[in-house]
Amino acid sequence: MSLTLLSPLDMHLHLRDGEMLANIAKESAHTFSGALIMPNLVPPVSTKEEVIAYKQRIMAAIGHETFTPYMTLFFKPSYDKAFLTSIKDEITAIKLYPAGITTNSEGGVSGFDVEELRPALEAMSELGIPLCVHGETGGFVMDREAEFVSIYEKLATAFPKLVIIMEHITTKASVEALDRFENLYATITVHHLLITLDDVAGGMLKPHLFCKPIAKRPEDRDALLEVALKGHPKVMFGSDSAPHPKHAKESCGCAAGVFTAPVALQLLAELFENKLAPLENLQAFISGNAQRIYKLKPLAKTVMLEKKSFHVPSDYRGVVPMYADEQIAYSIKTVE
Ligand code: DOR
Ligand code: ZN
């Protein structure tokens, strides 16, 4: 049995920089036609020169693969319309992090005062630049995302023409918010479709499944599955594949992030098959919806997957992937 995906897009990807970029970029660039590249480097990508230079380093790292890095900028309330106009053609979106909420987000936003954010968000709205948001408060870890829904509602109401993407949603509360506001969209990772908190911490602690936002309850996963499997038009695949060196994960003080880039498509193929979801819904989730929401024309890439057991390597140049050393049901057959 085999299935074909056209121009898969990963609308939330961490490619890092330097040696890590050189080591892992091809794992995405080989099977995906393009990806939205997160800006949380040290220091974060926040000027036109930094965006252009980072894109060049990514292009150098991917070699001859057919792949478009869709660049993002790290949101700052100080961005004005003149600056955003000058950078518009270099970026696909701007990513907003609450200050200190996750890896390298110290320079993010605190308070979420609409008037403070208005100049930048109004300019983005007028220029048609989407806002991607890491939606977690500083509250109790299991409630952070649900608590953030009221902030999404505030932003969606105050800026009704701004495209707002709730990144890597993990809760039923976020799924429900999608249908209440025309301008709210979401990405969902493959790991949050597969695991709950039980898989992370219910038995022996699994550092390679630890990420932010943390996996939640079965009913939350069910709500995510429902919209992903039906190819809900406001939902896109975004892996949030976030590589950290093995020693930073298998340590006292484990870094947050699941490295799924090399197994994401195979796991999605297996999941959609197991749940008897039509292939066209997977195609919408993996590419069609993102093309429409972000107005993208991705490079042509045809990925054929086959139902043939794949032994996930124990690591990719020092980075441990999800399901390392386990067998998964689908393999990549060809990429053209
Ligand atoms: O688990 C995560 N890792 N969540 C994020 O939001 C950031 C990411 C990273 O950059 O490592
Ligand atoms: Zn991320």
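Student: Which residues form one aromatic cluster?
Tutor: First, the ground rules: this is a predicted model, where local features need pLDDT of at least 70, side-chain atom pairs count only at pLDDT 80 or more, and totals for chains, interfaces and linings use all residues. Residues are numbered from 1 along each chain as its sequence is written, chains are lettered from A and ligands numbered from 1 in the order in which they are written, and side-chain values use heavy atoms, leaving out hydrogens and water. Now, the cluster is made of Phe 32, Phe 237, Phe 272 and Phe 285.

Student: How is the pair Phe 32 and Phe 237 arranged?
Tutor: Rings of Phe, Tyr and Trp (its six-membered ring) pair if their centres lie within 6.5 Å; planes under 30 degrees apart are stacked, over 60 edge-to-face, the rest tilted. Phe 32 and Phe 237 are stacked, at 6.2 Å centre to centre with 10 degrees between the planes. They sit 205 residues apart in the chain.

Student: Are Phe 32 and Phe 237 buried or exposed?
Tutor: Buried means under 20% relative accessible area, exposed over 50%, partly exposed in between (1.4 Å probe, protein chains only). Both Phe 32 and Phe 237 are buried.

Student: Which protein donors hold the zinc ion (ligand 2)?
Tutor: Donors are N, O and S atoms within 2.8 Å of the metal (3.2 Å for Na, K and Ca); water is not among the atoms, so sites may look incomplete. Here they are His 12 (NE2), His 14 (NE2) and Asp 240 (OD), 2.0 to 2.1 Å from the zinc. Their spacing along the chain is H-x1-H-x225-D. His 14 counts as buried because its relative accessibility is 7%, and Asp 240 is buried at 7% too.

Methods:
Helices (H or I, at least four residues) and strands (E, at least two) are DSSP runs, numbered from the N terminus.
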